[in-house]
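Subject: Structure for you to look at

Hello,

I am passing on the structure we spoke of. Please open it first; my notes on what was found follow below.

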Amino acid sequence: MKNKIKSLIFSKTHYYPWIVLLIGTVFSAFMYQSALTKQKESTLNKYQNRAKIYAKDIEAEFSRSYFQISSVANLFASSNWVSYAEFTAFVTRVFREFPEGRRISNIIRIPAEQLNEVISQFREDPTPQYRDFTIFDYTNKKQVFPATEVDGHYVVLSYTFPQISDNSFIGRNILRSSPIGPLIFPVIENQKPLISDFSKPIEGITTEPFILYVHPILPKETNNLATVDTSGLIVSSQYISSLFKQNTNDSEAVSFSFLLKDKSNNVFHYPQKKLLNAQDINLPKISFTFPIQLVNNHFELIISPIDQNLDSPNRLLFALFIAGILLTLALTFITYSLLSIHSNLTKEVARKTFELVKQKNQLISKNQQLAVAVEEAKVSENAKTEFLANMSHEIRTPLNGVIGLTDLLKQTELDNQQREYLGKLTFSGKHLLTVINDILDFSKIDSGNITLEQKAFSIYSVIDNLKVSFDEQAKAKGISFNIQIVGEFYPDLIGDVFRINQILINLCGNAFKFTETGSVNVNISMNTAANSDREVEVQFEVVDTGVGIDDTDINSLFTKFSQADTSTTRKYGGTGLGLAISQKLCHSMGGDIKVTSRKNKGSIFKASINLRLNKNVLVSIGKHDYIPGNVDILVVDDNPIALEVLSDFFIKIGVRPIAVLTAEEGLLALQNKNYDIKVLVTDWTMPIMDGASFLKAVKQLELISPPKIIIISAYETSIIENTKVQLNVDYVLSKPCPSDKLFNTIEQCINQIDSLDPPSDQGVDLTKVHVLVVEDNEINQVVISHLLVDKGAKVTIAHHGREAVDLLNQPNDFDIILMDIHMPEMDGIQATKIIRAHENPKISQLPIIALSANVLEKEVASYLAVGMNAHSGKPVNIDALLTTMGPLLP
């Protein structure tokens, strides 16, 4: 069937080029016509969108003009008397650039009985034109008569801007019969502003059609609005064209005509600047109408494109049509050529297919060989891992006894020589432990089994860790040790802080090892990534004045188990793994380590790693209520990102944030009497003055109403907790902080609710804690028992897992179990499974900590998988063990 179809297809190939030509021509013509239609639709949409923008701008100009007039009216309404100088000064402030043809005047409404008093007050105005101020009636025949009352008042033109040279303008009394009377008297009576219909140019006064704004002046002193009498008016004229000039001055405006119609069907045409009659206007087929409602008047803005045919000749479309025809001809030729060589290609494909089948068989054979090689590599890797685990266990177990017993001996009475020997013994034991850890780390990194954590941390915690690790060593050697942040740096980051500390301790450790005089300096800087606003490159530059390295030896620095030369190995010691591990860790974090050095001058090691900025200062959880009262909250954080996030959150919940970047600015804000700060939210780690120093300074201010204090930081909260009481800190929150927790904390502070945070632990108290230690090594039994008893614990020893199970089946009051893994009769894994399956919940739920010399992640994970709660390695570090035990104790 398949062959019949192929035969049918290729039996009449001489028709195919003509079919291609016909289809190509029809398709090109269709696409050309479709493109023209779309182009017209696009042009119409473009005109409509542009018209909407013009309409909004013109309406905004209308509103702005009205607002300016109402502002001047408010000036008179809020003052007993406004001088001409004050009037002109205010007008020039409101109108930064006074428009052409614009005039603004004040009309004062004077009760008849107060006429003389008001005239005297005008004459006291220092402006020369008011020296002989008087009021008068003015007729259309330009005749002046004594002023006439209207409803017991005189309605007098008092001020105008710009100044006018006509002496018959200022002081003119306006009557109902005056040309402007029909406009202003209704405003006086109904006390509502008015915008007039369009007016024709007034010969000798205006050159273009204009509109009038009339706004009443209502005194604000009285409490009874029903009895308020209109004290005056603000009247302003404006050329209608000025509404368009400022908003249609771009190059596209010439493509449109504008018609503005008032409620009386007067029509103003722009750019002709003429008034037309609505009946004489024939609207074009394509026009866009926009209503504008202002005060008492309703306007219609009609915008029409000049190009009513939407003709926008596009030569490119016609060129594409011709190109389509030419392409059709080319495809016709190609079709003919392809068909002519089809038979040759068929033969070539058959030959190639045979070769591919042959290559496929070869690839299958190679893949089978590769699978065998991969399996052998897995077996080798497993053997290597098992060897490292056994080696670690076999060395750590006696090493635990050596270090533990040495520490116990130090607590006895010793002479100086004995204490010196024990110190050297402890140093040697810990050095051996470092060698083991280096080998394990390198093995994990080399095999790709290392997993990098992505947790929030502060760069200041890294700095503090370095200071704690090396300050005493620097003092002992008499060399300077400085750490500084260079340039702009965002302190809140996300990454594996443990591995970062490991890199820096290796680099600084080497610097101190090879430096006898001078200094060791650490410079920390940050470069932002060009293609991301969250990725940054952090560089740590360790500079020493030590022995330096020859250029020929630099290339071997990062080779495992290698140092600069053999004499260095003998003089300074070390495994030669530290730099190799550090470099691989940098590589795993997207960075590298580079070194420059001069013999006998010193070295510079520059480690770069890629980290992410911790912008998640807050984790949004649910919606929050609104806190009433517009409470002032002072926010202090040197990280501008964190400061912006916190400020936005506080604004959303209804409080007023006072945001500052430094502690010094925070102290000034606390002393500012314009603020009533109820809550202080501050970071802990800041340059120049850190959180602790800042809070001490706040305490010294002895404020009458000190604010509640909240610390929110990526720094280790346990360290902050230790100073909580001394610094009057109410709450300690860590970044990122759930938004609902921060909201509740702020609410408690504002409502003067005492802190609900539990008192900080000063250490794990083992008093009355009964510990079951399951350990087969007698030396380890002695060491662990002594360490725990010194902390107040009661200790019971089981020599293997079966004995531990038997003890648990008897009446007991055990609180926690420390379980070794490798033991005779019954190991720790089997014992844990039996304990977790115990029918008594009190027994089955006892916390179990694996206490083993196996520290590989794979091994530790297997202990947790059978039901153990945690793991603590050997040799036993009592501080680390207590930290592990703390959360599990009742």
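Of the 890 residues in the chain, 44% count as buried. This is a predicted model, and what follows was computed from it. The accessible surface of the chain is about 48500 Å², and carbon and sulfur atoms account for 54% of that surface. The chain holds 25 helices and 32 strands. If you take the contacts between residues at least 6 apart in sequence, 69% of them join residues at least 24 apart.

D137 is buried but has no salt bridge. The nearest side chain of opposite charge belongs to R172, and it is 9.1 Å away.

What does the side chain of D137 meet in polar contacts? Another, of 2.9 Å, joins it to the side chain of N173. Apart from neighbours within four places in sequence, D137 is in contact with Q143, V144, F145, P146, A147, T148, N173 and L175.

On cysteines, a search of the whole structure finds 0 disulfides. A disulfide is a covalent bond between the sulfur atoms of two cysteines. C508 has a relative accessibility of 0%, so it counts as buried. C737 is also buried, because its relative accessible area is 0% and the cut-off for buried is under 20%.

Regards

Terms used:
Residues numbered from 1 in each chain as written. Predicted model: local features only at pLDDT ≥ 70, side-chain atom pairs only at ≥ 80, totals over all residues. Heavy atoms only, no water. Buried < 20%, exposed > 50% of the residue type's maximum accessible area, 1.4 Å probe, protein only. Lys, Arg positive; Asp, Glu negative; His and termini not counted. Salt bridge = Lys/Arg side-chain N within 4 Å of Asp/Glu carboxyl O. Polar contact = N/O pair within 3.5 Å; in protein donor to acceptor, adjacent residues only side chain to side chain. Contact = heavy atoms within 4.5 Å. Disulfide = S-S within 2.5 Å. Helix = DSSP H or I, 4+ residues; strand = E, 2+ residues; numbered from the N terminus. Areas by Shrake-Rupley, 256 points an atom, 1.4 Å probe, with all protein chains shown as cover.
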